[in-house]
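Please read the following report alongside the sequence and the 3D structure.

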Amino acid sequence: MSGPPDVPPSDWPGLETGDVVRLTDDVYYGWLEHEVTPVFWHRCAALADVPAEHTVHGRWVAAGTSGHTLVAREPLHLEPSLLWKCCGLHGWVRDGQWTSA
Ligand SMILES: [Zn+2]
């Protein structure tokens, strides 16, 4: 570990009052205005070696899910599975839970 701690998105200025939900220590999601599907933040393993001062939000990477189907908002259920090609993180969100693929 080096640099400042990875502050999760739920504690970021401007998001702390939003609907940011923790799925795992490495995966959060939230609802931005005018979006019908949630935006996800994951702590990207591909950024593990990037100095914190060269990143915007530590290792957190944001990604929308507009290509996904919102099956249910509460508890959250998206289809198909989520795959982030930057680091290969892959899993499902069903019943408000993250399940690794
Ligand atoms: Zn990644």
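The report below covers the zinc site and then the salt bridges.

This is a predicted model, in which local features need pLDDT of at least 70, side-chain atom pairs count only at pLDDT 80 or more, and totals for chains, interfaces and linings use all residues. Residues are numbered from 1 along each chain as its sequence is written, and side-chain values use heavy atoms, with hydrogens and water left out.

**The zinc site**

The zinc ion is held by H42 through NE2 and by C44, C86 and C87 through SG, at 2.1 to 2.4 Å. Donors are N, O and S atoms within 2.8 Å of the metal (3.2 Å for Na, K and Ca); water is not among the atoms, so sites may look incomplete. Along the chain, the donors of the zinc ion are spaced as H-x1-C-x41-C-C.

Why is the arrangement around the zinc ion tetrahedral? The 4 donor atoms subtend angles of 99 to 122°, and four donors count as tetrahedral if all angles lie between 85 and 135 degrees. For four tetrahedral donors, the ideal angle at a metal is 109.5 degrees.

**The salt bridges**

A salt bridge is a side-chain nitrogen of Lys or Arg within 4 Å of a carboxyl oxygen of Asp or Glu. By this rule the model has 3 salt bridges.

| Pair | N to O distance |
|---|---|
| D25 and R22 | 2.7 Å |
| D26 and R43 | 2.7 Å |
| R94 and E79 | 2.7 Å |

In the pair of D25 and R22, D25 is partly exposed with a relative accessible area of 48%, and R22 is partly exposed at 45%.

The side chains of D26 and R43 also meet in a salt bridge. This pair links distant parts of the chain, 17 residues apart: D26 lies in the loop between strand 1 (21-24) and strand 2 (27-30), and R43 in strand 3 (residues 39-43). Strands (E, at least two residues) are DSSP runs, numbered from the N terminus. D26 is partly exposed at 32% relative accessibility, and R43 is partly exposed at 24%.

The remaining bridge joins R94 and E79. That pair links distant parts of the chain too, with R94 in strand 7 (residues 89-94) and E79 in strand 6 (residues 77-84), 15 residues apart. R94 is partly exposed, at 38% relative accessibility.

Technical notes: Buried means under 20% relative accessible area, exposed over 50%, partly exposed in between (1.4 Å probe, protein chains only). Helices (H or I, at least four residues) and strands (E, at least two) are DSSP runs, numbered from the N terminus. Four donors count as tetrahedral if all angles lie between 85 and 135 degrees; four count as square planar and six as octahedral if opposite donors are over 155 degrees apart and all others between 65 and 115; anything else is irregular.
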